[in-house]
Amino acid sequence: MEHLALYRKWRPQTFEALVGQEANTRILKNAVAGNRQSHAYLFCGTRGTGKTSTARILAKALNCAQPEAGEPCNHCSSCLNITAGRSLDVFEIDAASNRGIDEVRDLLEKVHFVPAEGRFKVYIIDEAHMLTTEAFNALLKTFEEPPAHVVFILATTEPRKIPLTILSRCQRYDFRPISEDKMAGALKVIAEREAINITDDALYFLAQKAKGSMRDALSLLDQGMGAGEDLLTVESLSRILGSVLTDFWPDFLGDIAAGDIVSLFRSLDELATDGKDLRTFYSDLRELLGDIISYNGDTSKGYGKIVASCRGILEPREIVWLLRVLGEEESAFRYQRDAKVVCRFLLAKIVDGLTEGHEKIHVISGEREVKTSKDFAADTSFASDRREEVPISTKPFSEKGKEETGIAGEKGAIAEDESKMALTAEKKDAFEDKEALWSDILASVRQLSAKTFTWLSRAQLRDISDREITVYYYASDSMFRDKIQEPEHAAIVKKAIGEVTAADLEFRIIKDSEEGSLFD
């Protein structure tokens, strides 16, 4: 038996079966039930939101022999013929390929003929914005004085291209992108009926990747089903679909934040070796960066979980700059056939730009002030002759006092005792300002390793004593907690604590908090 694509097999046949367009379907059902149909409709919305399916259902409802509360029965000959695409009363026209005045004139010549079996002749014009100006002008007279038995349904993704003279004569219905929850629910029903073994996270992954288009989601599910996997998961779907929307991203963005161009190039080579389309990788990167700022969907499942795990690695201003670079340089793919070369160039430019914008240290009145390169450019008071000031010590509790007072004899001993007392008092005061001390530790970690700082930045300070520093992570930041406990990063944290406190303090992570992440 020939395989029928899922989006065709599961095309809705009733208003009730349409997903995510309840407001529109309710109005249309009431209009049919009350015999208050319009002679012209305009269905607007992005692809895959149900415009053409709704047009077909409306055509069936208008011609159904036994409608039920505005719904087609799907059993009479008229409904069956429309569903099968062989009705003599319903005409579907693709305006993208039949956009000229000759095609429209041919259509208008047949408008005045009465329906063959139903009550109405229904003309569904898909991609209506593609019609020429002359074709619209030819339609206009019929729209002004239509025969009583004719209904026009125009479907378009770009209503702004429809002439106002046509718009003013149509009832307009806007089809909104389908929400992730509703789409995932519909996909789950279809997967169960098709005996597809797929995880809930994978269903949400498809719904989130489809960006509101049910047709796109079903096409992706169809592609995943064709791979013959025993169980479809987020990881397997990413591999099948050639996407990079996996746990690959947090480490990759961490390498960008750290300016680790070697690791970035190595990751790029691994993607190419795995057969990933690097143009798709480029699009996924740009999409992910935008979603890190704007995504407000479910962050506990599928793609939303990946977005949540990437938040906090780069600062918002850095993300905005990256998006600008990726947008400006996209044209490079047109002039270079090797996508890897283009991606390497872009990554090198990104790392170079972020490095120039890294925080710089400036000493003012003995205090540390963090400035960006833009701040330096705007700060005319920071002249070159001021750059000879003393470099900042990252040891507020340094043993400098001991070195300077290490004088032989009785004076030296007294000075050493006084130094110890002063050092103890200084430590005590500093430990009382725990937040400031933790900020100094974070700054020190950032100087030692930007990547380690990324994983430590989500830690929430619990307490600092003279024996240990205690932090916790939110449950949603478990990946950051696991990363910071790796030997490489743990050693850097330990070193930073020693440099800042001049003490051998333990660094301890206690049980996760159940509170939500700051980015949730």
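Reader: How are helices H10 and H11 oriented relative to each other, roughly parallel or roughly perpendicular?
Author: In this predicted model, the axes of H10 (residues 214-225) and H11 (residues 234-241) come within 10 Å. They cross at roughly 95 degrees, and angles of 65 to 115 degrees count as roughly perpendicular. H10 and H11 are therefore roughly perpendicular.

Reader: Which residues of H11 meet H10, and how many charged residues does the contact have?
Author: From H10, the residues taking part are Leu-220, Gln-223 and Gly-224. They meet Leu-237, Ile-240 and Leu-241 of H11. By class, this contact has 4 nonpolar and 2 polar residues, and the number of charged residues is none.

Reader: Thanks! What is the relation between H12 and H14, roughly parallel or roughly perpendicular?
Author: H12 spans residues 248-258 and H14 spans residues 278-294, and their axes come within 12 Å. The crossing angle is roughly 85 degrees. With 65 to 115 degrees as the range for that class, H12 and H14 are therefore roughly perpendicular.

Reader: Which residues make up that contact, and how many of them are charged?
Author: On the H12 side you will find Phe-248, Trp-249, Phe-252 and Leu-253. On the H14 side are Phe-281, Asp-284, Leu-285, Leu-288, Leu-289 and Ile-292. By class there are 9 nonpolar residues and no polar ones, and the number of charged residues is 1.

Reader: Asp-291 is in H14. Is Asp-291 buried or exposed?
Author: Asp-291 does sit in helix H14. Buried means under 20% relative accessible area, and the value for Asp-291 is 10%. Asp-291 therefore counts as buried.

Reader: Which residues is Asp-291 in contact with, leaving aside its neighbours within four places in sequence?
Author: Have a look around Asp-291 in the structure. With neighbours within four places in sequence set aside, its contacts are Lys-211, Tyr-303, Val-307 and Arg-311.

Reader: Where is Lys-211, and what is its phi?
Author: Lys-211 follows helix H9 and lies in the loop between H9 and H10. With a relative accessible area of 41%, Lys-211 is partly exposed. Its phi is positive although the residue is not a glycine, and the value is near 55 degrees.

Reader: How many residues of H9 are buried, and which are they?
Author: H9 covers residues 200-209 and is mostly covered, with 7 of its 10 residues buried. Those buried residues are Ala-202, Leu-203, Tyr-204, Phe-205, Leu-206, Ala-207 and Gln-208.

Reader: Where is Glu-127, and what is its phi?
Author: Glu-127 is in the loop between strand E3 (121-126) and helix H6 (133-144). Its relative accessible area is 26%, and Glu-127 is partly exposed. Glu-127 is not a glycine, yet its phi is positive, at about 50 degrees.

Reader: Which backbone oxygen does the side chain of Gln-21 reach, and at what distance?
Author: Gln-21 is in the loop between helix H1 (6-9) and helix H2 (22-33), and at 4% relative accessibility it counts as buried. Its contacts beyond four places in sequence are Thr-49, Asp-174, Phe-175, Arg-176 and Ile-178. The side chain reaches the backbone oxygen of Thr-49, at 3.3 Å.

Reader: Last one: which residue's backbone oxygen lies 2.6 Å from a polar side-chain atom of Thr-501?
Author: Thr-501 is found in helix H25 (residues 487-501) and is buried, with a relative accessible area of 0%. The C-alpha atoms of Thr-501 and Leu-437 are 8.3 Å apart, although the two are 64 residues apart in sequence. The backbone oxygen lying 2.6 Å from a polar atom of the Thr-501 side chain belongs to Ile-497.

Key. Residues are numbered from 1 along each chain as its sequence is written. This is a predicted model: local features need pLDDT of at least 70, side-chain atom pairs count only at pLDDT 80 or more; totals for chains, interfaces and linings use all residues. Side-chain values use heavy atoms; hydrogens and water are left out. Buried means under 20% relative accessible area, exposed over 50%, partly exposed in between (1.4 Å probe, protein chains only). Helices (H or I, at least four residues) and strands (E, at least two) are DSSP runs, numbered from the N terminus. Axes are lines fitted to C-alpha atoms, for helices over the stretch in contact, and angles run from 0 to 180 degrees between N-to-C directions. Angles under 35 degrees count as roughly parallel, over 145 as roughly antiparallel, 65 to 115 as roughly perpendicular and the rest as oblique. Contact means heavy atoms within 4.5 Å. Ala, Val, Leu, Ile, Met, Phe, Trp, Tyr, Cys and Pro count as nonpolar, Asp, Glu, Lys and Arg as charged, and the others, Gly among them, as polar. A polar contact is a pair of N or O atoms within 3.5 Å; within protein, one must be able to donate a hydrogen and the other to accept it, and residues adjacent in sequence count only if both atoms are side-chain atoms.
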